[in-house]
Amino acid sequence: MFGFIASYEEAYAEHDCQAAIRYAHLANRAGRQWLGIDADTTAQAERWKISGTYEFLYKAYKCQADAAYTQQRYAEALRSYEQALKFLHQGDFRRDGTEESPAYHEENKAWLLNDMALCYGHLQQPVKGDTFFLRAAKLYRSVHQKPDDGMARLAANLAYSQRSQGHYEVSNQLYRQANRFLARDTTQQAYTDRTSNAIQIALNHIGQDSIPQALSGLQALHISSTDSTSYYLASFYTGICFFKQSRYAVAEQFLLRCLRHYQKNARDNWTSLVGVEIVLAYNFLSQAKYAKAMQLANTAQVRITKKSGSNNAAYYKCSTLLASIHKAQGHYTKAAALYQQELRFLQSQTTSNTMVLPGIQAELAELSVTLDELEAARSYAAQLPVKEVHSPSQTPILTAAAYVAYASGQYPKARAHYQATLRINRAFGTSSSTTGYALNGLGLVAMAQHDLPEADSLFGRSLQLHRKFFTGPHPATASVLLNYSQLRIQQNRHTEADAMIQEATAMLNILLPADHDALADAAPRKGELARRQGQPDNLYFQRAFAIYNHKFGSGHWKTKQARAYLTAAPAARR
């Protein structure tokens with residue numbers, strides 16, 4: 001037995017977990033043979049004499065479990081933690097078999113239960129994991145009657161699990177409880193833990209779309225840059241807050257700072273780096289900086305593939321981002337294929353964020369309208385949980401449903417969805433780019449229903465917001481200008497219409513490829529204006545037809561409309 005113990009100690013010291021497990025089993029078997037007891041016997045009067053071998057088994061299996069957990073092999077880690085706990089229960093650690101078992105073994109059991117709970121969380125079984133957290137807390141409290149840093153850690157872990165299930169208020173209560181446990185602890189570690197918990201509370205506020213509250217909490221922390229973990233995590237979340245407020249330039253400053261930091265430490269912080277790359281890419285996309293967004297999205301996806309493979313949520317999150325970039329640039333076939341990949345992945349998952357799947361369906365609904373596939377658009381829109389949208393981050397589901405309704409001529413329905421978007425944003429004190437988008441949509445509805453004064457007011461408010469959030473040229477601003485110019489043409493305010501069309505066209509020429517259909521959308525406006533002013537108009541409609549035909553083919557309604565206008569007799573055009 002003693003030879004096996006020496007071999008175990010050598011393997012364990014070298015972190016050779018498998019060898020340590022093997023020698024610990026051999027030592028335990030030799031000890032049981034010496035005592036003449038069976039492995040499965042629970043009532044063994046002299047088992048305390050070989051208690052060390054049970055502790056060796058506990059440590060060896062925990063060594064293996066910790067290694068698997070670090071490598072994100074959570075199912076394997078869970079099995080090893082279960083084995084470690086089993087041998088702690090089997091061992092008789094009472095001195096001479098009569099005294100009480102040392103308290104530290106009960107505490108070790110509590111931390112194994114905590115580790116198992118964490119594994120269940122990663123395995124998408126958070127409810128089951130929570131039962132293990134509660135068992136761990138009860139066992140830990142039996143050893144430590146007064147709250148301390150250990151109880152704070154357990155509370156914070158349970159808080160994290162509650163957030164993953166969308167229970168933000170419960171999570172915040174637990175984080176605050178954890179900080180109360182740490183309130184009298186003056187150590188540097190306690191200060192770090194309190195700061196970390198405060199940052200997590202801010203993240204919960206972000207999850208609830210309580211962005212001003214999140215920003216207030218983050219800005220009150222005054223974290224020194226020497227505490228790099230907390231400093232850059234808080235900076236990242238601050239960047240997310242500004243991004244959600246459509247304050248893209250300010251968000252970019254915070255996110256770039258985080259990007260540079262995590263790039264220097266990419267090996268140890270690759271998941272943090274990927275998170276920053278994805279958010280920063282979305283921020284670039286929102287500013288129509290497509291090349292930068294594409295570069296970051298591709299880099300993040302390659303990194304994820306190398307570290308975790310390509311069949312995971314992070315990989316497909318990048319695919320969704322890439323689809324959005326392609327969609328913005330007019331690469332609709334590529335965008336549709338990527339969205340469909342994400343949709344299939346989400347549908348294959350047993351559990352997922354309840355609003356992620358509708359988010360992809362919303363993107364496909366809008367894309368189907370663009371491609372003149374109205375039946376598909378209506379099918380996607382019918383699956384959208386519009387009645388479950390209660391926060392600003394979910395309003396793209398409403399605006400997608402509104403867009404499909406507008407394209408289908410269902411103007412009251414479109415109006416209701418756009419107005420719901422505005423109500424939700426107002427309720428949260430939010431005025432962001434989605435507000436401008438909804439106002440633009442309402443303007444289109446009003447114009448379709450021949451309420452030109454209302455359309456004028458709505459387009460004006462939308463344009464004002466777009467100029468506020470997008471300080472430079474932007475396709476969204478150009479879209480509002482083109483819609484507004486159509487109204488001005490109907491109002492016979494030709495000079496204003498011409499200025500709007502020219503400004504929109506200049507923006508689009510700067511930002512988009514020459515064959516983008518948004519440029520074709522500008523041409524008929526110019527053509528209609530030229531016709532009303534008695535000027536030649538064929539050139540504009542020829543350009544529109546060429547782009548539409550190339551982009552969508554001859555069957556698209558825009559292609560047909562441009563062709564019909566070109567083939568109509570001059571008198572029929574007036």
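Guide: Before we start, an axis here is a line fitted to C-alpha atoms, for helices over the stretch in contact, and angles run from 0 to 180 degrees between N-to-C directions. This is a predicted model, in which local features need pLDDT of at least 70 and side-chain atom pairs count only at pLDDT 80 or more, while totals for chains, interfaces and linings use all residues. Residues are numbered from 1 along each chain as its sequence is written, and side-chain values use heavy atoms, with hydrogens and water left out.

Visitor: At what angle do H25 and H26 pack?

Guide: H25 packs with helix H26, residues 538-552, at about 155°, and their axes are 8 Å apart. Helices are DSSP runs of H or I with at least four residues, strands are runs of E with at least two, and both are numbered from the N terminus.

Visitor: Are H25 and H26 roughly parallel or antiparallel?

Guide: H25 and H26 are therefore roughly antiparallel. That word applies over 145 degrees, while under 35 counts as roughly parallel, 65 to 115 as roughly perpendicular and the rest as oblique.

Visitor: Is their crossing left-handed or right-handed?

Guide: The crossing of H25 and H26 is left-handed. In a left-handed crossing the near helix is turned anticlockwise from the far one by less than a right angle, and in a right-handed one it is turned clockwise.

Visitor: Which residues of H25 and H26 meet?

Guide: On the H25 side they include Leu519, Ala523, Pro524 and Gly527, and on the H26 side they include Tyr540, Phe541, Ile547 and Phe552. Contact means heavy atoms within 4.5 Å. The residues of this contact divide into eleven nonpolar, one polar and six charged. Here Ala, Val, Leu, Ile, Met, Phe, Trp, Tyr, Cys and Pro count as nonpolar, Asp, Glu, Lys and Arg as charged, and the others, Gly among them, as polar.

Visitor: How do the axes of H24 and H25 cross?

Guide: Helix H24 (residues 494-511) and helix H25 (residues 517-532) have axes that come within 10 Å and cross at roughly 155°. H24 and H25 are therefore roughly antiparallel to each other, and their crossing is left-handed.

Visitor: Which residues meet there, between H24 and H25?

Guide: Among them, Ile501, Thr505 and Leu508 of H24 meet a set in H25 that includes Leu519, Ala522 and Leu529.

Visitor: What covers the buried residues of H24?

Guide: The cover includes helix H14 (290-308), helix H22 (452-469), helix H23 (475-490) and H25. The buried residues of H24 include Met500, Ile501, Ala504, Met507 and Leu511.

Visitor: What span should H24 have?

Guide: At 1.5 Å a residue, the 18 residues of H24 should span 26 Å, and the end C-alpha atoms are 26 Å apart, which agrees. The expected span is 1.5 Å times one less than the number of residues.

Visitor: How many residues does H12 have?

Guide: Helix H12 (residues 248-264) has 17 residues and reaches 24 Å from first C-alpha to last, close to the 24 Å expected. Tyr248, Phe254, Cys258 and His261 are among the buried residues of H12. Helix H11 (228-244), helix H13 (270-286), H14, helix H21 (433-448) and H22 are what the buried residues of H12 pack against.

Visitor: New topic: where is Ala159?

Guide: Ala159 is in helix H7, residues 149-164, and counts as buried at 0% relative accessibility. Leaving out residues up to four places away, Ala159 touches Ser171, Leu174 and Tyr175.

Visitor: And where is Asn172 found?

Guide: Asn172 is in helix H8, residues 168-181, and is buried, with a relative accessible area of 0%. Beyond its neighbours within four places in sequence, Asn172 contacts Gln200, Ile201, Asn204, His205 and Gln208.

Visitor: Last one: where does His222 lie?

Guide: His222 is in the loop between helix H10 (211-219) and H11. At 67% relative accessibility, His222 counts as exposed. Its phi is near 55°, a positive value in a residue other than glycine.

Note on methods: Buried < 20%, exposed > 50% of the residue type's maximum accessible area, 1.4 Å probe, protein only.
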